[in-house]
Amino acid sequence: MADNDHRPLVAVLFGGRSSEHSVSCVTAAGVIGAIDAQAFDVLPIGITKTGVWRVVEDWASMRFDPDAMPEVTDNGTEVIPPISADGAPLLQRDAEGACTELGAVDVYFPLLHGRFGEDGTVQGLFELSDTAFVGSGVFSSAASMDKHYTKSLMAQAGIPTCPWELVTETMWETDRASVESRVAELGLPVFVKPARAGSSMGVSRVAEAAELEAALAGAFAHDSKAIVEPQVIGREVECAVLGSLYDATLRTSSPGEISVSGDHAFYDFDAKYLDLADAEVTCPAVLDEATTARVQELAASVFRLFDCTGLARVDTFVTDTGEVLINELNTLPGFTPTSAYPFMWAQSGLEYSELISELISIALVDHARAK
Ligand SMILES: Nc1ncnc2c1ncn2[C@@H]1O[C@H](COP(=O)(O)OP(=O)(O)O)[C@@H](O)[C@H]1O
Ligand SMILES: [Mg+2]
């Protein structure tokens with residue numbers, strides 16, 4: 001892909017303003033460590049919790065540690081991305097205010113989760129500056145970040161998803177009785193979740209009506225919108241999708257099943273990131289052929305419905321009656337070397353480094369096609 005004269009410059013973005021800042025740092029260490037250095041030049045750019053971009057040299061030290069989660073901190077320098085579409089280089093401003101050029105980015109690789117990363121905002125900057133980037137664009141990112149709109153679009157397209165009720169902070173403050181009656185209609189237990197968050201942050205299971213208030217407060221700590229869903233009894237099965245908006249062929253991985261053990265009522269933040277022994281992905285999931293095909297077919301339909309490109313992980317519930325319901329769509333799924341998305345690909349014959357190269361290639365080809 002790269003000739004000897006020019007290796008594409010890949011700016012890897014991580015950290016950021018979302019509540020998944022630390023998770024993103026860990027992902028970056030995995031990706032930068034595995035990227036094909038013969039094929040690409042890498043510029044590691046960390047984004048602080050207040051949104052300052054800076055070059056991070058010691059990316060390799062970022063790993064999960066419950067006592068000291070990794071964080072990009074401000075060191076007085078700043079990377080300034082261009083907004084013009086003329087191929088201008090990134091600038092680095094030092095602590096004294098002097099600017100130097102860091103080179104023109106060929107492709108951004110956002111490893112940002114959640115808000116300001118997975119929600120279309122930073123994708124807007126890439127699109128403004130006419131730079132290639134890994135993953136989905138503004139619309140798909142924004143639509144799949146918001147669980148209420150994700151579910152609305154799927155329901156309208158006939159893609160099965162479990163019922164839900166939207167509860168905004170305003171509704172809860174001004175018309176509590178109607179919220180309570182809508183939730184009662186769903187039947188207990190219910191799951192309460194922020195509309196735009198991730199990593200199970202702010203998600204809780206409500207078994208009794210009296211717990212609703214605290215659960216909504218937990219969700220509203222992450223977003224002013226929450227959704228409430230009846231509990232689905234079934235297995236959690238995920239599917240990795242890889243492809244391009246401009247390519248008729250989509251690849252879906254073997255589905256993987258998440259099983260959670262230990263002291264977790266569901267697949268919560270701790271099970272995802274801290275008590276790693278308590279969450280296991282079995283891939284290929286033990287499903288009959290028809291269910292496997294159904295998961296893959298629905299995952300591909302969801303990818304297309306949202307105009308995704310590059311990558312997405314589609315998460316489903318396979319109910320006890322064998323029905324497949326789509327729970328959510330992640331356009332920038334967890335991407336550490338052990339995360340479900342890369343793991344499902346590895347189990348389907350595509351290794352981590354190859355997957356990274358593939359995603360960068362798709363981004364470059366998409367960008368050329370979009371012109
Ligand atoms: N309706 C539901 N029924 C059963 N479990 C649920 C339901 N909604 C969420 N969960 C549990 O909560 C976890 C997190 O919810 P999810 O919608 O995937 O949000 P996030 O974007 O934070 O991953 C799921 O992986 C699952 O374990
Ligand atoms: Mg999830």
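Reply: First, the term. On a 1 Å grid over the protein atoms alone, a cavity is a set of points where a 1.4 Å probe fits but cannot get out, and lining residues have an atom within 4 Å of a point. This is a predicted model, where local features need pLDDT of at least 70, side-chain atom pairs count only at pLDDT 80 or more, and totals for chains, interfaces and linings use all residues. Residues are numbered from 1 along each chain as its sequence is written, and side-chain values use heavy atoms, without hydrogens and water.

Me: Which residues line the largest cavity?
Reply: Phe109, Pro110, Leu111, His113, Leu311, Leu332, Pro333 and Phe335. Seven are nonpolar, one is polar and none is charged. Nonpolar means Ala, Val, Leu, Ile, Met, Phe, Trp, Tyr, Cys and Pro; charged means Asp, Glu, Lys and Arg; the others, Gly among them, are polar.

Me: How much space lies in the largest cavity?
Reply: About 40 Å³. A volume is the space filled by probe spheres set on the points, with grid points joined across faces, edges and corners. The structure holds one cavity of 30 Å³ or more.

Me: Where does the largest cavity lie?
Reply: Between domain 1 (9-133) and domain 2 (144-161 + 233-370), because both give residues to its lining. The bounds come from an automatic or database domain assignment. That assignment also gives domain 3 (165-230).

Me: What volume does the second largest pocket have?
Reply: About 340 Å³. A pocket is an open set with protein on both sides within 12 Å along at least five of seven lines. The second largest pocket has 21 lining residues, with Glu127, Phe133, Gly137, Tyr246 and Ala370 nearest its centre. The lining splits into nine nonpolar, seven polar and five charged residues.

Me: Which helix gives the most to that lining?
Reply: H11, with four residues. Helices (H or I, at least four residues) are DSSP runs, numbered from the N terminus. H11 spans 352-370.

Me: Switching topic. At what angle do the axes of H1 and H11 cross?
Reply: Roughly 90 degrees, and the axes come within 9 Å. Axes are lines fitted to C-alpha atoms, for helices over the stretch in contact, and angles run from 0 to 180 degrees between N-to-C directions. H1 and H11 are therefore roughly perpendicular, a label for 65 to 115 degrees.

Me: Which residues meet there?
Reply: Thr27, Gly30, Val31 and Ala34 in H1 meet Tyr352, Ser353 and Ile356 in H11. Contact means heavy atoms within 4.5 Å. By class, the contact of H1 with H11 has four nonpolar, three polar and no charged residues.

Definitions and conventions. Chains are lettered from A and ligands numbered from 1 in the order in which they are written. Helices (H or I, at least four residues) and strands (E, at least two) are DSSP runs, numbered from the N terminus. Angles under 35 degrees count as roughly parallel, over 145 as roughly antiparallel, 65 to 115 as roughly perpendicular and the rest as oblique.
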